[in-house]
Amino acid sequence: MAIRNVRLEGDPILQKTSKEVKEITPKIRTLIDDMLETMYEKEGVGLAAPQVGVLKRVVVIDVGDGPLVMINPRIVRREGTQTGDEGCLSVPGKAGQVTRPNEVTVRFMDEDEEYYELDGTELLARAICHECDHLDGKLYVDLVEGELRDVVMEDEEE
């Protein structure tokens, strides 16, 4: 496993549409492992493959319940709304208010080529929408209500 460089806002790859994963190859498995390691190292809640320079429809998320790997995710239901702070590893040090669905249902394949349908609410719903937007070349900054603001990261206690 390796920590990959996270592409930052302004990088053209973040505006491109990702391609579907046709089969789970060793290269895709390595990508998933590297994405998880990168997400945890950078203390993110989610990471999409374009953020590490790979135009494949692969997303990893962990909202505190353990890692979730979604390949070719497709949101099939959206309900309700929630407005809250959002940030992004590709837009470091910034946050803004974004309105998203409060509940979503997503269909996806996992790394064992098993198909699933998952209902997510609140933070998980927000993360699913945010990461799926990355796969379509969209950043949360385009949805921010008002201004982006600086976020100061608290130093870890030693």
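## The three-stranded sheet

In this predicted model, an open sheet of 3 strands runs in the order E4-E5-E8, and its pairing is antiparallel. Strands are DSSP runs of E with at least two residues, and helices are runs of H or I with at least four residues, both numbered from the N terminus. Two strands pair if DSSP finds at least two bridges between them. Strands of a sheet pair through backbone hydrogen bonds, either parallel or antiparallel.

Strand E4 (82-88) and strand E8 (145-150) are the edge strands, because each pairs on one side only. Neighbouring strands of this sheet are turned by 25 degrees against each other on average, direction ignored. Strand E5 (residues 91-100) pairs with E8 in the antiparallel sense, over 3 bridges. Gln-97 stands opposite Glu-145 in E8.

## The helix across the sheet

Helix H2 (residues 122-135) lies across E4 and E5. The helix runs at about 50 degrees to E4. Axes are lines fitted to C-alpha atoms, for helices over the stretch in contact, and angles run from 0 to 180 degrees between N-to-C directions. Contact means heavy atoms within 4.5 Å.

Asn-72 has a phi near 55 degrees, a positive value in a residue other than glycine. Asn-72 is placed in strand E3 (residues 68-79). Its relative accessibility is 18%, so Asn-72 counts as buried. Here buried means under 20% relative accessible area, exposed means over 50%, and partly exposed lies in between (1.4 Å probe, protein chains only).

Glu-113 also has a positive phi in a residue other than glycine, near 60 degrees. Glu-113 is in the loop between strand E6 (103-109) and strand E7 (115-121). With a relative accessibility of 42%, Glu-113 counts as partly exposed.

## The aromatic pair

The structure holds 1 aromatic pair. The ring centres of Phe-108 and Tyr-116 are 5.8 Å apart and the ring planes are at 25 degrees, so the pair is stacked. Rings of Phe, Tyr and Trp (its six-membered ring) pair if their centres lie within 6.5 Å; planes under 30 degrees apart count as stacked, over 60 as edge-to-face, and the rest as tilted.

Phe-108 counts as buried, because its relative accessibility is 7%. Tyr-116 is partly exposed, with a relative accessible area of 43%.

## Basis of the values

Residues are numbered from 1 along each chain as its sequence is written, and side-chain values use heavy atoms, with hydrogens and water left out. In this predicted model, local features need pLDDT of at least 70 and side-chain atom pairs count only at pLDDT 80 or more, while totals for chains, interfaces and linings use all residues.
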